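Here are my notes on this model, as numbered points. Please read them with the structure open.

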Amino acid sequence: MSDAKASRETEDGETEGGESAFTVIVAAAANLGIAVAKAVAGLISGSSAMLSEAAHSVADTVTEVMLLAALKRSEKPADEEHPLGYGPERYIWAMLASIATFVGGAVFSIYDGVHTLVAGEELGDPLVSYIVLGVAFLLEGYSLRTGVKQVRREASRLRVPDTYYLRHTPDTAVKAVVMEDSAALIGLLLAAGGLLGGQLSGSGVWDGIASCLIGLLLVYVAWVLGRSNAQLLIGRPLPAAVRASVHDELLSVPHVVDVLELTTLIQGPTEMLIAAKVDFRDMATAAEVEWACEEAEARLRERFPSIRRVYLDPTPGRAQRVRGGP
């Protein structure tokens with residue numbers, strides 16, 4: 001985050017994970033019911049935009065199931081086969097979820113929209129579709145409200161703007177819910193516009209255009225979520241301000257002369273790794289170096305509770321290397 005405090009997560013990682021899981025479950029339950037209703041309304045009205053919205057909701061439901069799997073599997077403790085834990089696994093599942101959004105929602109919506117523009121469509125009674133869209137808007141709005149409340153709570157605690165937190169948070173589950181629900185509300189308005197345009201003009205062109213726009217909207221959401229998860233899978237460091245604070249904290253430890261190299265890595269929303277090459281005072285004893293390493297880790301964990309692993313490598317300073325040894 002833009003401030004050192006932005007790396008501070010809740011003291012209890014399970015509590016935050018439970019909150020994210022609740023947010024995802026609310027979104028999944030809402031989308032599952034909405035998907036069925038939209039599909040029925042689309043078949044009755046003959047609206048391609050409604051069918052696209054049904055595909056959108058199905059993709060969102062699949063996405064949320066994958067996010068729940070990500071939250072569950074990433075909480076597994078470290079073991080002999082995975083000494084650094086399973087935290088990054090959530091980003092693999094979240095990446096698959098973004099692909100599901102693209103394939104299940106965007107591709108179908110664009111295909112159906114183009115097909116409607118080329119071949120036309122028989123418009124049926126739009127009344128059922130309007131009712132379904134209204135109910136879906138309320139349910140999606142409630143789901144979005146749950147996600148936004150979590151974002152605001154975390155952003156307030158970390159003292160950063162809500163939008164900044166949403167862009168940079170490593171908790172991609174809540175980010176996915178907020179983005180997908182926001183896209184769902186926009187998609188519902190587009191579908192309603194397509195229905196209204198077709199009703200007023202008697203042409204299915206408006207419905208086809210709405211379907212294509214819904215598809216493009218889903219392409220954007222899938223791209224943003226996919227990029228975020230790809231960055232975290234490749235290995236994203238802590239923000240520059242936080243790295244600077246970690247550097248300063250290490251320098252404040254007795255017997256530490258310089259921090260020659262600092263590596264940070266986000267492994268999960270509440271799992272950060274710190275590795276550093278540290279130059280200790282030349283006259284420091286082995287016991288003092290050991291104490292300094294323990295003190296540095298304790299200070300970092302106290303200031304940044306999300307830091308789970310600290311590895312310090314005693315390394316000769318530049319001047320000592322130039323001299324060729326002690």
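**Notes on the model**

1. Start in the strands. Met 272 has Ile 307 in S3 as its bridge partner. Seven bridges join S2 to S3, residues 307-314, and the two strands run parallel. Further along, Ala 275 stands opposite Tyr 311 in S3. From S2 the chain crosses through helix H9 (residues 286-303) to S3, a β-α-β crossover that is right-handed. Bear in mind that this is a predicted model.

2. Strand S1 (residues 256-268) pairs with S2 in the antiparallel sense, over 10 bridges. The two strands form a hairpin, with two residues between them. Gly 268 stands opposite Glu 271 in S2. Thr 263 has Ala 275 as its bridge partner in S2.

3. How covered is S2? Strand S2 spans residues 271-280, and eight of its 10 residues are buried. In general, side chains in a regular strand alternate between the two faces of the sheet.

4. Now the overall order. The chain has 10 helices and three strands. From the N terminus on, the elements run α-α-α-α-α-α-α-α-β-β-α-β-α. Of the 326 residues, 49% count as buried.

5. One backbone angle deserves a look. His 255 lies in the loop between helix H8 (240-251) and S1. Phi of His 255 is near 80°, a positive value in a residue other than glycine. Most residues other than glycine have a negative phi. His 255 counts as partly exposed, because its relative accessibility is 22% and the cut-off for buried is under 20%. Please check this residue by eye. A glycine with positive phi is also on the list: Gly 202, which follows H6, has a phi near 75°.

6. Helix H2 covers residues 48-74, and its 27 residues should span 39 Å at 1.5 Å a residue. The end C-alpha atoms of H2 are 38 Å apart, which agrees. H6 has 30 residues and should span 44 Å; its end C-alpha atoms are 42 Å apart, which agrees too.

7. Is H2 enclosed or open? Of its 27 residues, 19 are buried, so H2 is largely enclosed by the rest of the structure. In general, an α-helix has 3.6 residues a turn, so residues three or four places apart point the same way.

8. Two contacts link positions separated in sequence. Asp 112 is in helix H3 (residues 89-119). The C-alpha atoms of Asp 112 and Ala 49 are separated by 8.1 Å, with the two residues 63 apart along the chain. Asp 112 is a charged residue, yet at 12% relative accessibility it counts as buried. The cut-off is under 20%, so the label follows.

9. The second pair involves Val 132, which lies in helix H4 (residues 127-158). Val 132 and Ile 34 are 98 residues apart in sequence, and 7.9 Å apart in space from C-alpha to C-alpha. Val 132 is buried, because its relative accessible area is 13%.

10. Last, the second largest pocket. About 200 Å³ of space lies in it. Which residues line the second largest pocket? They are Thr 163, Leu 166, Arg 167, His 168, Lys 175, Met 179, Tyr 220, Val 224, Arg 227, Ser 228, Gln 231 and Arg 236. Helix H5 (162-168), helix H6 (172-201) and helix H7 (205-234) are the elements that give two or more residues to this lining. H7 gives the most, with five residues.

11. What is the make-up of that lining? The residues of the lining of the second largest pocket divide into four nonpolar, four polar and four charged. Arg 167, Lys 175, Arg 227 and Arg 236 are among the residues that line the pocket.

Technical notes:
Residues are numbered from 1 along each chain as its sequence is written. This is a predicted model: local features need pLDDT of at least 70, side-chain atom pairs count only at pLDDT 80 or more; totals for chains, interfaces and linings use all residues. Side-chain values use heavy atoms; hydrogens and water are left out. Buried means under 20% relative accessible area, exposed over 50%, partly exposed in between (1.4 Å probe, protein chains only). Helices (H or I, at least four residues) and strands (E, at least two) are DSSP runs, numbered from the N terminus. Two strands pair if DSSP finds at least two bridges between them. A crossover is right-handed if, with the strands pointing away from the viewer, the path from the first strand over the helix to the second runs clockwise. On a 1 Å grid over the protein atoms alone, a cavity is a set of points where a 1.4 Å probe fits but cannot get out, and a pocket is an open set with protein on both sides within 12 Å along at least five of seven lines; lining residues have an atom within 4 Å of a point. Grid points are joined across faces, edges and corners, and a volume is the space filled by probe spheres set on the points. The expected span of a helix is 1.5 Å times one less than its number of residues.
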